[in-house]
Amino acid sequence: MDRNIDYLIVGQGIAGTILSYKLLKKGYNVKVIDDGHKTSSSTKAAGIVNPITGRSYVKSWMIDSLIPAAKRTYKDLEDELGGKYFYNHNIVRVLGSIYEENKWSSRLLDDTYSKYIISDYDTSILDEYYKDVESCAIIKGGRVALRSLLIDYRTWLLENDALIESTFKSKHLVVKPRTMYYNDVEVGNIVFAEGVQSIDNPYFPDLPFQPNKGQVLIVDMPNYKINDIVKHGIFICPIEGNRYWVGSGYERDFEDDKPTKEGRTRLKDQLDHVLKACDYKIIEHISGIRPSVKGRKPLLGRSNIHSSMYLFGGLGTKGSSLAPYWAEHLINFIENKVDIHPEVDFNRF
Ligand SMILES: Cc1cc2nc3c(=O)[nH]c(=O)nc-3n(C[C@H](O)[C@H](O)[C@H](O)COP(=O)(O)OP(=O)(O)OC[C@H]3O[C@@H](n4cnc5c(N)ncnc54)[C@H](O)[C@@H]3O)c2cc1C
């Protein structure tokens, strides 16, 4: 183990993965400490990159900058790790009301939306599998295979002696006027990328987290033949072979991050409600807590308590599209003294 490192990154979700990868590629000596994805949101997510969202079908915040950064970063990771992580996908949204139809119609006439819209899509295949499909919005989006990426990257970190499999504890940290020691290793900077666990981070008190829980069914549907992501009340998202990710709600009141019986029943009812006769088998029922924050924008910046500690979090419902762009931004802030974007500065509250 090195006695001296430039960066200690706490957490190996998508935030810690991308940040540490970019730092390592820039030549810094980096270690990632992670507790085995104990509270990871990234390993539960579908990883959907959706450029047009919500009931009003508006472009996601900064999406024109986020998508190119995401595609570049995931391609670099694919080249380095030898896996496939970014998939282009159409996202088919079944329009659920006159309001949604009107909003979508106006987007079809808006040039600034055209690169994210498909107008010549044959919807007849949807009728084979789904009930009540009258009109749809077809969006050019994507999906990041977050679980595979995190597992492959973890192996790569281990091979490169850059992973500490343990829980970061403040009691093991000694802060001196010009440096810090974590378990006797001298550390230049610490970046906390702990997902929802940042709520309890003593170096970043009172962060405006509004966590919400999502539950998911992983189902096997051998007879289902749609390779696009479909949102008909819930998302049905192809992941591999005959497997589909089906989810997920936004629960604001919850006791813990565990899947519940009610959650499973609710998802099953929703799926049965929209699917025509199509057999499926539930393979897994999982759940996670999204690190969402008030205002739904990330939380970045330097601690007001220790000037060598930084935060990279608050990725909410959109970690797969936000992490690449904002990791690069945080590195520019720390290393090149570029001002932090005011909309993501955690001190904005
Ligand atoms: C059901 C569900 C569906 C979702 N769907 C999508 C989607 O389709 N598209 C999308 O972009 N996003 C989606 N999200 C949101 C996405 O998961 C998050 O935005 C993103 O994963 C957050 O990444 P993170 O790295 O900040 O946090 P996390 O993934 O939670 O990673 C934090 C890591 O740090 C570890 N850790 C925490 N504290 C410590 C400590 N003290 N010491 C060591 N390790 C620690 C944790 O165990 C974890 O491994 C979804 C989330 C859920 C729950």
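In this predicted model, lysine 297 and glutamate 343 are joined by a salt bridge, with 2.9 Å from N to O. Lysine 297 is found in the loop between strand 16 (281-290) and strand 17 (299-302), whereas glutamate 343 belongs to the segment after helix 7 (319-336); the pair thus links distant parts of the chain, 46 residues apart. Glutamate 343 has a relative accessibility of 33% and counts as partly exposed. A further group of charged residues, Lys22, Lys26 and Glu328, is joined into one network by salt bridges that share partners.

**Salt bridges**

Over the whole structure, 18 salt bridges are found. One of them is formed by arginine 154 and glutamate 165, whose closest N and O atoms are 3.6 Å apart. Because arginine 154 lies in helix 5 and glutamate 165 in strand 8 (residues 163-165), this pair ties together parts that are eleven residues apart in sequence. The two partners fall into separate accessibility classes: arginine 154 counts as buried at 11% relative accessibility, while glutamate 165 counts as exposed at 53%.

Another salt bridge brings together the side chains of arginine 243 and aspartate 220, again described by an N to O distance, here 3.6 Å. Arginine 243 is part of strand 15 (residues 243-247) and aspartate 220 is part of strand 12 (residues 212-220), so the pair ties together parts that are 23 residues apart in sequence. With a relative accessible area of 31%, arginine 243 is partly exposed.

| Salt bridge | N to O distance |
|---|---|
| Lysine 297 and glutamate 343 | 2.9 Å |
| Arginine 154 and glutamate 165 | 3.6 Å |
| Arginine 243 and aspartate 220 | 3.6 Å |

The protein chain is divided into domain 1 (4-44 + 148-208 + 294-348) and domain 2 (90-142 + 210-290). Taken over C-alpha atoms, the centres of domain 1 and domain 2 are separated by 31 Å. Ten residues from domain 1 and eleven residues from domain 2 take part in the contact. Between the two domains an area of about 770 Å² is buried, and carbon and sulfur atoms give 61% of it. On the side of domain 1, the residues that lose the most area to domain 2 are Lys44, Val196 and Thr317, which together account for 54% of what that side buries. The number of salt bridges between domain 1 and domain 2 is zero.

**Phenylalanine 209**

Phenylalanine 209 is located in the loop between strand 11 (185-192) and strand 12. This residue counts as buried, at 12% relative accessibility. Apart from neighbours within four places in sequence, phenylalanine 209 is in contact with Gly195, Ser198, Ile199, Pro291, Ser292, Val293, Leu299 and Gly314. Glutamate 159 is 50 residues from phenylalanine 209 along the chain, and the C-alpha atoms of the two are separated by 35 Å.

**Aromatic rings**

A pair of aromatic rings is described by the distance of the centres and the angle of the planes. The structure contains 17 aromatic pairs. In one of these, tyrosine 21 and tryptophan 156 are arranged edge-to-face, at 5.9 Å centre to centre and with 65° between the planes. Tyrosine 21 lies in helix 1 (residues 14-25) and tryptophan 156 in helix 5 (residues 146-159), so this pair ties together parts that are 135 residues apart in sequence. Tyrosine 21 is buried, with a relative accessible area of 5%, and tryptophan 156 also counts as buried, at 13%.

Tyrosine 325 and tryptophan 326 form an edge-to-face pair as well, with 4.8 Å centre to centre and 80° between the planes. Tyrosine 325 counts as partly exposed at 25% relative accessibility, whereas tryptophan 326, at 0%, counts as buried. Elsewhere, one aromatic cluster is formed by Phe168, Tyr182, Phe192, Tyr203, Phe204 and Phe346.

Rings also meet charged side chains. The charged end of lysine 59 sits over the ring of tyrosine 113, at 5.7 Å from the ring centre. In a like arrangement, lysine 84 lies over the face of tyrosine 87, 5.3 Å from the centre of the ring.

Note on methods:
Residues are numbered from 1 along each chain as its sequence is written. This is a predicted model: local features need pLDDT of at least 70, side-chain atom pairs count only at pLDDT 80 or more; totals for chains, interfaces and linings use all residues. Side-chain values use heavy atoms; hydrogens and water are left out. Rings of Phe, Tyr and Trp (its six-membered ring) pair if their centres lie within 6.5 Å; planes under 30 degrees apart count as stacked, over 60 as edge-to-face and the rest as tilted. Helices (H or I, at least four residues) and strands (E, at least two) are DSSP runs, numbered from the N terminus. Buried means under 20% relative accessible area, exposed over 50%, partly exposed in between (1.4 Å probe, protein chains only). A charge sits over a ring if NZ of Lys or CZ of Arg is within 6 Å of the ring centre and within 35 degrees of the ring normal. Domain bounds come from an automatic or database domain assignment. Contact means heavy atoms within 4.5 Å. Buried area is the accessible area (1.4 Å probe) that two parts lose on being put together, summed over both. A salt bridge is a side-chain nitrogen of Lys or Arg within 4 Å of a carboxyl oxygen of Asp or Glu.
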